[in-house]
Amino acid sequence: MSIFKGKPRARPTVRPDTRTGTTAEPQPYDKVLIARKTTRPTALDLISEIFTDFMELHGDRSFGDDRAVVGGIAMLDGRPVTVIGIQRGRNIDENVLRNFGSAHPEGYRKALRLMKQAEKFGRPVVTLINTSGAFCGVGAEERGMGEAIARNLYEMSLLRVPIVSIIIGEGGSGGAIGLAAADSVWMLSNSVYSIISPEGCASILWKDSSRARDAAAIMCITAHELLDIGVVDRVFEEHPEGAENDLPSLAREIKEALVNEVSELARMDVGALVQRRYDRFRKFGS
């Protein structure tokens, strides 16, 4: 679990059940729909709220610049950090530009270039993740999508600077984990993190994607479920209808947590930091 000693986790916000008049916790698929809202804060929205002096860097120095991945150098309460995010759009033009938040191999290679640069200069790394998954087109496969994600996992596992990852919307499959092999992994309370979408799971289990709500209920994909089993380390409670309804307050809480967490991790011996990261993932399923 995170070494940051934050406030105790609050119970999930409940909502009225219109059929019975009672209150009930939001169902997992309700959170999937909130995580997918086009009004949800993007990576760049959170970067502008949490960090200062953000200078974006472009390109993987091999093929091109993937606009689905944004990254660069910023200041976190006076400390230089490298921040990387998967960026989605709010309308059709923005989503076409950002490839609907589905990165190509060059996006992951750009992220890795920035992380290795951060390691060289001793800067902690913060990643902000919101993707339904990596892009699965022919060109992406031809340019080595599987290798790019696998390389990120390998390099992040050995990176000699602190890494904090935050799932801010959807955390879909390898597209998410390619930027989430971190010392601490956090989630917003209405975000989800899964190996496959509920629709995809329902198609496999029941040959019926319309049963996505049933699939979401058994997949253990919500923030609090994942916190309970140790897959993530902290959950930030957001407005029940979505983080966009109270972004400044949420951003302040995340910033405070990041300042403390990065400071604690940066004080660790590098060997102990890397071993702790390795042990974090090895304990899954135990």
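Modeller: Start with a rule. A charge sits over a ring if NZ of Lys or CZ of Arg is within 6 Å of the ring centre and within 35 degrees of the ring normal. Keep in mind that this model is predicted.

Now apply the rule. The charged end of R211 sits over the ring of W206, at 4.0 Å from its centre. Look at F63 next. R143 lies over the face of F63, and the distance to the ring centre is 4.3 Å.

Rings can also pair with rings. A pair of aromatic rings is described by the distance of the centres and the angle of the planes. There are two aromatic pairs in the structure. One of them joins W186 and F236, with 5.4 Å from centre to centre and 65 degrees between the planes. Planes over 60 degrees apart count as edge-to-face, and the W186–F236 pair is edge-to-face. The two partners are 50 residues apart, so the pair links distant parts of the chain. W186 belongs to strand β8 (residues 184–188), while F236 belongs to strand β10 (residues 234–236).

Now the helices. Take α4 (residues 105–121) and α6 (residues 145–158). They pack at an angle of about 20 degrees, and their axes are 9 Å apart. Angles under 35 degrees count as roughly parallel, so α4 and α6 are roughly parallel to each other. Their crossing is left-handed. Residues of α4 in the contact include P105, Y108, L112, M115 and E119. From α6, the contact includes M145, I149, N152 and M156. An α-helix has 3.6 residues a turn, so residues three or four places apart point the same way.

Helix α2 (residues 43–50) comes next. Its buried residues are A43, D45, L46, I47 and I50. They pack against the strands β3, β4, β5, β6 and β7, and against helix α11.

Finish at α11 (residues 247–266), the helix that holds P248. P248 has 42% relative accessibility, so it counts as partly exposed. P248 and E49 are 199 residues apart along the chain, yet their C-alpha atoms are separated by 7.0 Å.

Technical notes: Residues are numbered from 1 along each chain as its sequence is written. This is a predicted model: local features need pLDDT of at least 70, side-chain atom pairs count only at pLDDT 80 or more; totals for chains, interfaces and linings use all residues. Side-chain values use heavy atoms; hydrogens and water are left out. Rings of Phe, Tyr and Trp (its six-membered ring) pair if their centres lie within 6.5 Å; planes under 30 degrees apart count as stacked, over 60 as edge-to-face and the rest as tilted. Helices (H or I, at least four residues) and strands (E, at least two) are DSSP runs, numbered from the N terminus. Axes are lines fitted to C-alpha atoms, for helices over the stretch in contact, and angles run from 0 to 180 degrees between N-to-C directions. Angles under 35 degrees count as roughly parallel, over 145 as roughly antiparallel, 65 to 115 as roughly perpendicular and the rest as oblique. A crossing is left-handed if the near helix is turned anticlockwise from the far one by less than a right angle, and right-handed if clockwise. Contact means heavy atoms within 4.5 Å. Buried means under 20% relative accessible area, exposed over 50%, partly exposed in between (1.4 Å probe, protein chains only).
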